[in-house]
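Student: I have the sequence and the model open, and I would like to learn how to read them feature by feature. Please start with the strands.

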Amino acid sequence: MATAAAIAALSSTLSSLHLSPSLFFFTKPSSLSSRNFKPFSLIRASSSKTEFNITFGTGTKENLKPNSLSENSENPNSPSIPLLIPWIVRGEDGNLKLQTTPPAHLLHAMANAKTTSTTPKKKKKAISDDKPVLKIEPKFSKAARRFYNENFRDPPQRLSKVLAASGVASRRSSEALIFEGRVTVNGSVCNTPQTRVDPGRDIIYVNGNRISKKLPPKVYIALNKPKGYICSNGEKETKSVMLLLEDYFKSWNKINQGFPKPRLFTVGRLDVATTGLIIITNDGDFAQKISHPSSGLSKEYIAAVDGVVNKRHLIAVSQGTAIEGVHCKPDSVELLPQQPDTPRPRLRIVVHEGRNHEVRELVKNAGLVLYSLKRVRIGGYRLPSDLG
């Protein structure tokens, strides 16, 4: 069947070349056995000078190997027939001819052809500079993780400090919650505020509610306190300075996604009638450094008084006065030039201790009547003049 199919294919090829089939004769061998293998022969009529000899046949793979002797051949001395692939091409004279090698133009095209892989290549996406590139965090060794934890990771903190930083309550109120047994750490009730915990690893519950693994970021706010507000985190019935931050907390989730709202407090206090600079933060260590007298930060006040200020008044203020059994003396006192929009005399008083009502007591001890008091500077930070 394979031989008949080959003959039909060859006849179709010759007919496509417009050759007359009557010019070709096929001789069929007596047997198709692999032991007595005789190929078909194609002979063109003697009308043309060119003679074509085409050999093809069927057999096993061993019989079709080129330049090899047939194992079961009757005559082992007879040479084996090589497998030839005929090419029918048109020569330069316009006549068709038969050759065993491909045409020259086909060999040239195969030599210049570019090898391309059948698998489609994935196109690399262009990375824009605007979008951040997400990188997978590499897995470090135990020694590298231990070095990071010892030198860069935040160490465990006291339980009361973690609760206060998470916005649960103040430091003292958090200690009261711990003593009452309303705080659990990793499933066990903890009654010791000094217990060291890590909110990123430990599971902490307060009144049945779990606190966030992430602590709020550090926040530092400079507020121009108006008159009539107190520096307290008490009830909302009183006019606390925290009420002025409601708009800030409304946009908290948009600015700080995934972080809980911090519990803010004022650094020091200004009485209800005093205006000016007050710092609000949730960083306890920062607040301690600013408010403690050992830091030596100076605080500048502008005091407007009634009446006329003489030299003896300035001397009396500079000499200081006793407050709560401690003699308090200002760093400097200066009478400011009078301005058209401020008819009252103004004194610049700089102190560093910051005791309760210290500036008011200094002005009162000098025999002056205080009209208004405003704090304009703490350390190296001065209240902006255009801040409402």
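Tutor: Happy to! Two strands pair if DSSP finds at least two bridges between them; helices (H or I, at least four residues) and strands (E, at least two) are DSSP runs, numbered from the N terminus. This is a predicted model, where local features need pLDDT of at least 70 and side-chain atom pairs count only at pLDDT 80 or more, while totals for chains, interfaces and linings use all residues. Residues are numbered from 1 along each chain as its sequence is written, and side-chain values use heavy atoms, leaving out hydrogens and water.

Student: How many bridges join β7 to β10, and in which direction do the strands run?

Tutor: β7 (residues 183–185) and β10 are joined by three bridges and run antiparallel.

Student: Which strands form a hairpin, and what sits in the turn?

Tutor: The hairpin is made by β4 and β5, with five residues between them, and G94 in the turn has a positive phi of about 95°. Four bridges connect β4 (residues 87–90) with its antiparallel partner β5 (residues 96–99), and I88 stands opposite L98 in β5.

Student: Which residues other than glycine have a positive phi?

Tutor: As background, most residues other than glycine have a negative phi. Here, N207 has a positive phi near 55°, and E324 takes a positive value of about 55°. N207 lies in the loop between β10 (204–206) and β11 (209–210), whereas E324 lies in the loop between β16 and β17.

Student: Which residues of α10 are buried, and where do they lie around the axis?

Tutor: In α10 (residues 358–365), the buried residues are E358, V359, L362 and V363. They cover an arc of only 130° around the axis, taken from the directions from the helix axis to the C-beta atoms, so they are on the same side of α10. They pack against β15 (299–306), α9 (311–319), β16 (321–323), β17 (326–328), β19 (346–351) and β20 (369–378). N365 also lies in α10, but this residue is partly exposed, with a relative accessible area of 44%. Taking contact as heavy atoms within 4.5 Å, N365 touches A316, G320 and T321, not counting residues up to four places away in sequence. The C-alpha atoms of N365 and A316 are separated by 7.4 Å, although the two are 49 residues apart along the chain. Just after α10, G367 has a positive phi of about 85°.

Student: Which residues touch the most other members of the largest nonpolar core?

Tutor: A nonpolar core is a set of buried Ala, Val, Leu, Ile, Met, Phe, Trp, Tyr and Cys residues joined through side-chain atoms within 4.5 Å. The largest one has 29 residues, of which L245, L264, I280, I349 and V359 touch the most other members. Two or more of its residues come from each of β12 (220–225), β14, β15, α9, β19 and α10. By an automatic or database domain assignment, at least three core residues come from each of domain 2 (220–288) and domain 3 (296–387). Beyond neighbours within four places in sequence, the contacts of I349 include Y301, V317, V359, L362 and V363. Apart from this core lies another, of 12 residues, among them V162, L177, V185 and C190.

Student: What does D331 contact?

Tutor: Outside four places in sequence, D331 is in contact with S298, V350, V351 and H352. D331 lies in the loop between β17 and β18 (332–335), and its relative accessibility of 42% makes this residue partly exposed. D331 and V351 are 20 residues apart in sequence and 5.3 Å apart in space, C-alpha to C-alpha.

Student: Where is confidence lowest and where is it highest?

Tutor: pLDDT is the predictor's confidence in each residue, from 0 to 100. In the protein chain, the lowest is strand β1 (residues 24–27), at a mean of 41, and the highest is strand β14 (residues 275–281), at 94. The chain mean is 76, with 70% of residues reaching 70 or more. Over residues 16–49 the pLDDT stays under 50, and the model has 45 contacts beyond four places in sequence for them. Residues 66–74 are also below 50, with 13 contacts beyond near neighbours in sequence. Where pLDDT is low, the predicted coordinates should not be read in detail.

Definitions and conventions. Buried means under 20% relative accessible area, exposed over 50%, partly exposed in between (1.4 Å probe, protein chains only).
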